[in-house]
Each structure stands twice: as structure tokens, then as C-alpha cells.
Amino acid sequence: MTLVRVPPVLRTEAGGVREVEAEGATVREVMEDLSRRLPALGSRVYRAGELQPFVNVYVDGEDVRTRDGLDTPVTSASTVILLPAMAGGSSASPAGRRFRAAEPPSAATCRP
Amino acid sequence: MTTYRELLQRTKGEISEVDAGEAAGLEGAVWIDIREADEWQEGHLPGAVHVPRGHLESRIEAVVPNKDTEVVLYCAAANRSAFAAKTLGELGYTSAHSLAGGFTDWKRNGREIVMPRTLSPERRTRYSRHLLIPEIGEAGQLKLLDSRVLLIGAGGLGSPASLYLAAAGIGRIGIIDADIVDETNLQRQVAHSLETLGTPKVDSAKRSIEALNPDVDVVTYRERLTSENIERILADGWDLIVDGADNFPTRYLVNDASVWHDIPVVHGSIYRFEGQVTVFSPHQGPCYRCLFPEPPPAELAPSCAEGGVLGVLPGIVGSLQTNEAIKLAAGIGEPLVGRLLLFDALATEFSEVRIERNPNCPVCGEHPTITEYVDYVEFCAR
């Protein structure tokens, strides 16, 4: 079994836990297994046989995009990290409200 | 019994003495000024390293590790440097030379000299704990005082960053933020206080910085960073950006501008108990688009306002960013380039993943397809 680190934004889909286990000899197999065990989490990161483009997957600290992608080998000793970008920083409290106002579009928030 | 004169004459006969012209022709030579500190303060040769005679034996190997390097030693009149050259020979240096006529002749012949910049006694006291660190010292502190750092956001990450950058003596700090200080900020945004509630964050942060260190010139931009104003703001001249933005369009906007302007970005982001830190060094390491080619959908990108954040987390992550910024400004250490540091406050665990340049990156890749500002809201809303 390989340890899969779940990012905070996807913990709800993983039942609130920080790490889950999945089985497989490659990233693809781990993703398939993850999708069976935790479909809600699986579908967020892996859909139609592809990794979602906004989620980075690291095996033992290496981005699988720089290795063999879904064919990157995984062992039971490996740690797989799922990592989407996080925006938070300045965290201006009225972010949602502020950006909903009609403003020049160049740097408002992603969200409506 | 040997007199000083005799010893000097004998030593001069044993060492290599070169004149200014010969010394200039020595390839890869390291020039060492062995005079006392007060003599150095009154001017020295350009590019020379100051190693007082009394510390020569103990420090030379750190300054000139390769003993086959050409070394030109000088003092005021080529007497102390003759003894110094002999000493270096005894230490195994094969090409140590004494500069004939020393600094006095050099200056008399109208050659270029440099007046060293030094810290005032007040600054010497304020930054004494930096001056004691060999990696920083006076030269490093002067670099910090000459540095200009732009902060994106005066919130969670920007607060510790602004305070520690100011305390470190970063000479100019720019702060961009359009927000007003409110009560919910005070759980983590330590640059603000009850006294500045209701005032613009940039003014509040400026007040905190100035109360801490009057050496710092604070430039405030009470506006939201957009494609329309970023060129104007960058034209004010910034060596380094500390990004503590709270939304993806700004992150991508800052990235693109930093690549085009060749300005390193110290990136930090936080959510609940976890943080990410890295340094994007344009054309030397990956950029934000290499790391995250596209932002996650809205439901996977809650802000701290929506998802919450442990108050101390931005303190930790913002301080890590400041550590990187100070290293970059002083030119020391190993910057966090090509590495993404992940911090989990609940587990108290740091981990690191490698990030690489993407040769197909639309901004910093081999054949860029994005060469001017795009509609960042639209890009992030796709």
C-alpha cells in the first residue's frame, strides 16, 4: 500500500483525513484504486484516465510530469502527494464581496 | 641581531614585488589590502578585499582557497605587504606578490581608488547582530540597505514579511494593498493593530515599519494590482517581489510581469493549517506557470476568508518568505529555487518537492505564447 497525501482543500472528499492508502505499481494504478476506494476524491484528481491539469502529483518529491506521467512507478514505500495550487496569502477578509463588485477585470478573483 | 631594516631588505629579496602594470596583467588575481581598518576607510584599490595583516594567516584560506591563485598584496608603502607575501609563501601560496609602492604610489599616480561605504555608528549598533555573522557582515548589511523589495499584500503573509524586512534594514519596501484594516485581520495580521482599525492597510503597515526602523523608505500603493497599474508600479524599481496575494489572477499577473522584468518572486501561500513557499527566479528556475499551469476550479480554491487559516501560519510562512528575501538581497545561502517547501502546522512537518522549468511554459519556456498581459480573470475562470 502506498501513502497518498491529501491536500487540505480535498480533505472533505477523503473523509477529513490527511493521508489515505491506495494500491498500485504505477501512478495510474494508484489513481484507479483511489477512485474505487474514495470516488469523490478520485474524481477530483483523476478523470477519464487523465490527471486533472490543476493538480500536481509528486512521487517521492518528484513531479510525475517530469518523469513518466501516469506510468511513473510507485512502490509501497513511496509517498504520493496530491497538490493543487493554493491562492491564500493576504487573505483580505472581504475578498468575495470585494471582487464581486464591478471592477476592471484584470485581477479580480477567480470566483464570481 | 637583525634590525627591522635588515629584515625588510632580506624579505624583499625573497619575495616577488610587482608594479601596478605587472599586477594588472596577472590573470585572475585576488587583490588584498592588508592595512588597518582606519586606512581602508580612507580609500582602497577597486575590487580589493580587506584582510588586515593581523588576521592574514587565519583568514587567507577562506578568502583565497586555491593556493595557486595569483595574489597581489598591498599596504601603504610595500613594507608590510613584503612580509605578508613571505608569510603566504610559507603557507603554500605559489604566486603571492607585493605591490611596489603600495597604496601611496597608486594614489599618487592618479590611479582609481574607491572610498568604502560604511555604516554609521547608529546603524552599527542597530544591525550589530547581523554584523557579527560572517555571511552578512558590513558588506551584507549595506546590500540589505540598498535593496528594494515589493510586497504584494499587507495581510497575513505581508505582515510578518514587512516587519522582518524592515527590522533587517531593507532600504526600501513597497506595499501594494487596497484594503482597510478590520477586526477579523487582527487574529494574524500583526502589522496592524486596534489603533489602525478602519485605516488603509498600507498606511497601517507603513506606520508599524516606521515605528520599528526609520532607515526604511516605505512606498505605499493603495490599489489592487492589475494589468493596468503593474507596469507603473514596477517602474519604481524593485529588486525582488514577495508575493502574498490572496487570489489566482494576481498570482499569474505577478508571475508574468516578473518573468518579463526578470525580478525574482518569493512565493508564499496558505490555507487552514498548510503553507507553500518557493522562489521563482526568472530564467534560472521554474516560474509559477511551470509549477501550476492552470488554477484549480473555484470550489477547490477557497480563500482564507472562506476556509479559515490558523493565525500563526501566515507568521511562519511569511517569515520563511522573508528568510528567502533576505538571503537573495544579501546574496547568501541556497535560495529555495526549484524546490517547493510544504509546511503542515498540524503535524509540524516540513516536506519538499522538486519543481522544474517547463520547456513548454507559455511564459518562460523556449517558445513563449504569452508575451503580454492577458485577461487574468478570464484565464482563472476557465
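## A bridge between two strands

In this predicted model, Asp33(B) has His50(B) as its bridge partner in β3(B). Strand β2 of chain B, which spans residues 30–33, is joined to β3(B) by two bridges, and these two strands run parallel.

## The sheet and the helix packed on it

The pair belongs to an open sheet of five strands in chain B, ordered β1-β5-β4-β2-β3, in which the pairing is parallel. At the edges of this sheet lie β1 (16–18) and β3 (49–50) of chain B, each of which pairs on one side only. Helix α5 of chain B, residues 80–90, packs on the sheet, where it touches β1, β4 (70–74) and β5 (95–99) of chain B; the direction of α5 makes about 175° with that of β5(B).

## Domains of chain B

Chain B is divided into domain 1, covering 4–108, and domain 2, covering 147–381. Taken over C-alpha atoms, the centres of domain 1 of chain B and domain 2 of chain B are separated by 46 Å.

## Contact with chain A

Chain B gives 57 residues to the contact, while chain A gives 30 residues. On the side of chain B that touches chain A, the elements that give two or more residues are the helices α13 (248–261), α15 (304–307) and α17 (376–381), together with the strands β10 (265–271), β11 (274–280) and β13 (349–354), each of chain B.

Key: Residues numbered from 1 in each chain as written. Chains lettered and ligands numbered in written order. Predicted model: local features only at pLDDT ≥ 70, side-chain atom pairs only at ≥ 80, totals over all residues. Domains from an automatic or database assignment. Pairing = 2+ DSSP bridges. Helix = DSSP H or I, 4+ residues; strand = E, 2+ residues; numbered from the N terminus. Contact = placed C-beta atoms within 7 Å. Axes fitted to C-alpha atoms, helices over the stretch in contact; angles between N-to-C directions.
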